[in-house]
Amino acid sequence: MQVNDPYTPQTPIEGVMHAFTRVGRRLKAKQPGDTIDHSAHVALFVLRCSGALRLSDLAARMELDASTASRHIRALEQLGLVRRSPDPDDGRAFRVELTEQGIEQWEESARRRMELLSAAMEGWSEDDVETFERLMTRFADGVTALTDTPSGSAWADKGWAAVAPRLRPAAPAERRTDEDFAAGSDPAPRENTDNNLESTR
(Lines give C-alpha, C1' and ligand atoms only; values in the text may rest on other atoms or scores of the structure.)
Protein backbone atom coordinates (compact mmCIF):
# COMPACT_ATOMS: atom_id res chain seq x y z
CA MET A 1 0.00 0.00 0.00
CA GLN A 2 1.30 3.45 -0.88
CA VAL A 3 1.46 6.00 1.94
CA ASN A 4 -1.07 8.28 0.25
CA ASP A 5 -3.58 5.53 -0.53
CA PRO A 6 -6.96 6.01 1.20
CA TYR A 7 -7.19 3.93 4.36
CA THR A 8 -10.21 1.74 5.10
CA PRO A 9 -10.34 0.37 8.66
CA GLN A 10 -10.66 -3.40 8.71
CA THR A 11 -12.09 -3.73 12.25
CA PRO A 12 -14.25 -1.56 14.53
CA ILE A 13 -11.25 -0.90 16.81
CA GLU A 14 -9.20 0.25 13.81
CA GLY A 15 -12.11 2.51 12.90
CA VAL A 16 -12.13 4.06 16.38
CA MET A 17 -8.36 4.62 16.26
CA HIS A 18 -8.59 6.16 12.81
CA ALA A 19 -11.46 8.46 13.83
CA PHE A 20 -9.59 9.68 16.91
CA THR A 21 -6.50 10.37 14.81
CA ARG A 22 -8.50 12.43 12.33
CA VAL A 23 -10.37 14.42 14.98
CA GLY A 24 -7.37 14.88 17.28
CA ARG A 25 -5.21 16.23 14.49
CA ARG A 26 -7.82 18.86 13.65
CA LEU A 27 -8.51 19.88 17.25
CA LYS A 28 -4.77 20.35 17.82
CA ALA A 29 -4.41 22.44 14.66
CA LYS A 30 -4.85 26.19 14.79
CA GLN A 31 -8.44 27.27 14.25
CA PRO A 32 -9.40 30.54 12.56
CA GLY A 33 -8.80 33.23 15.17
CA ASP A 34 -6.17 31.28 17.14
CA THR A 35 -2.97 33.14 17.95
CA ILE A 36 -1.23 30.37 19.92
CA ASP A 37 -0.30 26.79 19.07
CA HIS A 38 -1.54 23.58 20.69
CA SER A 39 1.28 23.31 23.25
CA ALA A 40 0.57 26.82 24.51
CA HIS A 41 -3.14 26.01 24.65
CA VAL A 42 -2.37 22.98 26.86
CA ALA A 43 -0.29 25.12 29.23
CA LEU A 44 -3.12 27.64 29.52
CA PHE A 45 -5.59 24.80 30.13
CA VAL A 46 -3.50 23.40 32.99
CA LEU A 47 -3.15 26.81 34.62
CA ARG A 48 -6.84 27.62 34.10
CA CYS A 49 -7.86 24.38 35.81
CA SER A 50 -5.19 24.35 38.53
CA GLY A 51 -4.51 27.96 39.35
CA ALA A 52 -0.96 29.17 40.07
CA LEU A 53 1.65 26.40 39.93
CA ARG A 54 5.37 26.01 40.37
CA LEU A 55 7.09 25.37 37.06
CA SER A 56 7.96 21.81 38.10
CA ASP A 57 4.30 21.05 38.90
CA LEU A 58 3.16 22.61 35.63
CA ALA A 59 5.67 20.52 33.69
CA ALA A 60 4.48 17.35 35.45
CA ARG A 61 0.84 18.03 34.62
CA MET A 62 1.73 18.79 31.01
CA GLU A 63 3.86 15.62 30.99
CA LEU A 64 6.89 17.59 29.77
CA ASP A 65 10.41 18.03 31.06
CA ALA A 66 11.05 21.25 32.97
CA SER A 67 13.20 22.85 30.25
CA THR A 68 10.51 22.40 27.60
CA ALA A 69 7.80 23.74 29.92
CA SER A 70 10.05 26.70 30.73
CA ARG A 71 10.34 27.58 27.03
CA HIS A 72 6.55 27.53 26.70
CA ILE A 73 6.16 29.78 29.73
CA ARG A 74 8.72 32.30 28.45
CA ALA A 75 6.84 32.54 25.17
CA LEU A 76 3.52 32.97 26.96
CA GLU A 77 5.03 35.64 29.22
CA GLN A 78 6.15 37.60 26.17
CA LEU A 79 2.56 37.48 24.89
CA GLY A 80 1.24 38.74 28.23
CA LEU A 81 -0.76 35.55 28.86
CA VAL A 82 1.01 34.39 32.04
CA ARG A 83 3.02 36.01 34.81
CA ARG A 84 5.36 34.84 37.54
CA SER A 85 4.61 35.53 41.19
CA PRO A 86 6.53 34.71 44.40
CA ASP A 87 5.74 31.33 45.92
CA PRO A 88 4.23 32.07 49.36
CA ASP A 89 5.65 28.78 50.66
CA ASP A 90 9.21 29.36 49.42
CA GLY A 91 10.63 32.83 48.91
CA ARG A 92 13.33 31.46 46.61
CA ALA A 93 10.81 29.96 44.17
CA PHE A 94 8.09 31.37 41.95
CA ARG A 95 4.74 30.26 40.63
CA VAL A 96 3.21 30.73 37.20
CA GLU A 97 -0.34 31.99 36.80
CA LEU A 98 -2.62 33.25 34.07
CA THR A 99 -3.20 36.92 33.46
CA GLU A 100 -6.69 38.17 32.64
CA GLN A 101 -5.63 38.19 29.01
CA GLY A 102 -4.49 34.58 29.36
CA ILE A 103 -7.85 33.55 30.79
CA GLU A 104 -9.68 35.25 27.93
CA GLN A 105 -7.33 33.72 25.34
CA TRP A 106 -7.88 30.20 26.65
CA GLU A 107 -11.65 30.61 26.91
CA GLU A 108 -11.88 31.94 23.35
CA SER A 109 -9.74 29.07 22.05
CA ALA A 110 -11.77 26.45 23.91
CA ARG A 111 -15.02 28.03 22.75
CA ARG A 112 -13.91 27.86 19.11
CA ARG A 113 -13.27 24.12 19.47
CA MET A 114 -16.64 23.55 21.13
CA GLU A 115 -18.28 25.43 18.29
CA LEU A 116 -16.42 23.22 15.80
CA LEU A 117 -17.72 20.08 17.49
CA SER A 118 -21.24 21.50 17.63
CA ALA A 119 -21.12 22.35 13.93
CA ALA A 120 -19.85 18.84 13.13
CA MET A 121 -22.96 17.40 14.82
CA GLU A 122 -25.37 19.77 13.11
CA GLY A 123 -28.41 17.82 11.94
CA TRP A 124 -27.95 15.09 14.54
CA SER A 125 -30.98 14.23 16.63
CA GLU A 126 -30.90 15.02 20.33
CA ASP A 127 -30.90 11.28 21.04
CA ASP A 128 -27.87 10.79 18.75
CA VAL A 129 -25.91 13.53 20.54
CA GLU A 130 -26.79 12.14 23.97
CA THR A 131 -25.89 8.59 22.92
CA PHE A 132 -22.58 9.80 21.46
CA GLU A 133 -21.76 11.71 24.64
CA ARG A 134 -22.62 8.73 26.82
CA LEU A 135 -20.48 6.31 24.80
CA MET A 136 -17.57 8.78 24.52
CA THR A 137 -17.62 9.34 28.28
CA ARG A 138 -17.72 5.59 28.89
CA PHE A 139 -14.82 5.12 26.49
CA ALA A 140 -12.79 7.95 28.07
CA ASP A 141 -13.39 6.48 31.52
CA GLY A 142 -12.07 3.14 30.29
CA VAL A 143 -8.92 4.63 28.79
CA THR A 144 -8.31 6.76 31.87
CA ALA A 145 -8.71 3.79 34.20
CA LEU A 146 -6.02 1.90 32.28
CA THR A 147 -3.51 4.72 31.88
CA ASP A 148 -3.85 7.28 34.70
CA THR A 149 -2.96 7.10 38.36
CA PRO A 150 -6.03 7.32 40.63
CA SER A 151 -5.57 11.09 41.10
CA GLY A 152 -3.88 11.76 37.78
CA SER A 153 -6.74 13.66 36.15
CA ALA A 154 -8.57 14.87 39.26
CA TRP A 155 -7.22 18.40 38.87
CA ALA A 156 -8.45 18.58 35.26
CA ASP A 157 -11.87 17.13 36.06
CA LYS A 158 -12.44 19.57 38.93
CA GLY A 159 -11.04 22.51 37.01
CA TRP A 160 -13.01 21.77 33.85
CA ALA A 161 -16.21 21.46 35.88
CA ALA A 162 -15.59 24.96 37.24
CA VAL A 163 -14.73 26.70 33.98
CA ALA A 164 -16.90 24.84 31.42
CA PRO A 165 -20.09 26.79 32.28
CA ARG A 166 -18.37 29.98 31.10
CA LEU A 167 -17.93 28.45 27.63
CA ARG A 168 -21.57 27.52 27.11
CA PRO A 169 -23.78 29.92 25.15
CA ALA A 170 -26.35 31.51 27.41
CA ALA A 171 -29.92 30.29 27.00
CA PRO A 172 -32.31 33.02 25.80
CA ALA A 173 -33.79 33.41 29.28
CA GLU A 174 -30.33 33.85 30.77
CA ARG A 175 -29.12 36.54 28.41
CA ARG A 176 -28.93 39.91 30.06
CA THR A 177 -30.66 42.95 28.69
CA ASP A 178 -29.55 46.57 28.83
CA GLU A 179 -31.96 46.98 31.77
CA ASP A 180 -30.16 44.20 33.65
CA PHE A 181 -26.83 46.00 33.24
CA ALA A 182 -28.38 49.27 34.30
CA ALA A 183 -29.75 47.60 37.42
CA GLY A 184 -26.33 46.18 38.21
CA SER A 185 -27.39 42.56 37.75
CA ASP A 186 -24.51 40.22 36.96
CA PRO A 187 -25.55 36.60 37.55
CA ALA A 188 -22.21 34.92 36.76
CA PRO A 189 -19.19 37.11 37.53
CA ARG A 190 -15.75 35.74 36.79
CA GLU A 191 -14.85 35.89 40.46
CA ASN A 192 -17.36 33.16 41.36
CA THR A 193 -15.82 30.76 38.86
CA ASP A 194 -12.31 31.65 39.94
CA ASN A 195 -13.21 31.01 43.58
CA ASN A 196 -14.45 27.56 42.59
CA LEU A 197 -10.97 26.78 41.26
CA GLU A 198 -9.47 27.15 44.72
CA SER A 199 -10.58 23.59 45.53
CA THR A 200 -8.38 22.24 42.72
CA ARG A 201 -5.13 23.63 44.06
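Predicted model: local features only at pLDDT ≥ 70, side-chain atom pairs only at ≥ 80, totals over all residues.
Q: How many bridges join strand E2 to strand E3?
A: E2 covers residues 82–87 and E3 covers residues 90–98, and the two run antiparallel. A hairpin of 2 residues connects them, and aspartate 87 stands opposite aspartate 90 in E3. The number of bridges joining E2 to E3 is 6.

Q: Which residue in E3 is the bridge partner of arginine 54?
A: E1 and E3 run antiparallel and are joined by 2 bridges. The partner of arginine 54 in E3 is arginine 95.

Q: Are helices H2 and H3 roughly parallel or roughly perpendicular to each other?
A: The axes of H2 (residues 38–50) and H3 (residues 55–62) come within 10 Å and cross at roughly 115 degrees. Angles of 65 to 115 degrees count as roughly perpendicular. The two helices are therefore roughly perpendicular.

Q: How many residues of the contact of H2 with H3 are charged?
A: On the side of H2, the contact is made by Ser39, Val42, Ala43, Val46, Leu47 and Ser50, and on the side of H3 by Leu58, Arg61 and Met62. These residues divide into 6 nonpolar and 2 polar, and the number that are charged is 1.

Q: What is the handedness of the crossing in which H2 passes H3?
A: The axes of these helices cross at roughly 115 degrees. The crossing of H2 past H3 is right-handed.

Q: Why are H3 and H4 described as roughly perpendicular to each other?
A: The axes of H3 and helix H4 (residues 66–78) come within 9 Å. Angles of 65 to 115 degrees count as roughly perpendicular. H3 and H4 are therefore roughly perpendicular, as their axes cross at roughly 105 degrees.

Q: How many residues of the contact of H3 with H4 are nonpolar?
A: Leu55, Leu58, Ala59 and Met62 of H3 meet Ala66, Ala69, Ser70, His72 and Ile73 of H4. In this contact no residues are charged and 2 are polar, while the number that are nonpolar is 7.

Conventions
Residues numbered from 1 in each chain as written. Heavy atoms only, no water. Axes fitted to C-alpha atoms, helices over the stretch in contact; angles between N-to-C directions. Helix = DSSP H or I, 4+ residues; strand = E, 2+ residues; numbered from the N terminus. Parallel < 35°, antiparallel > 145°, perpendicular 65-115°, else oblique. Left-handed = near helix turned anticlockwise from the far one by under 90°. Contact = heavy atoms within 4.5 Å. Nonpolar A, V, L, I, M, F, W, Y, C, P; charged D, E, K, R; others polar. Pairing = 2+ DSSP bridges.
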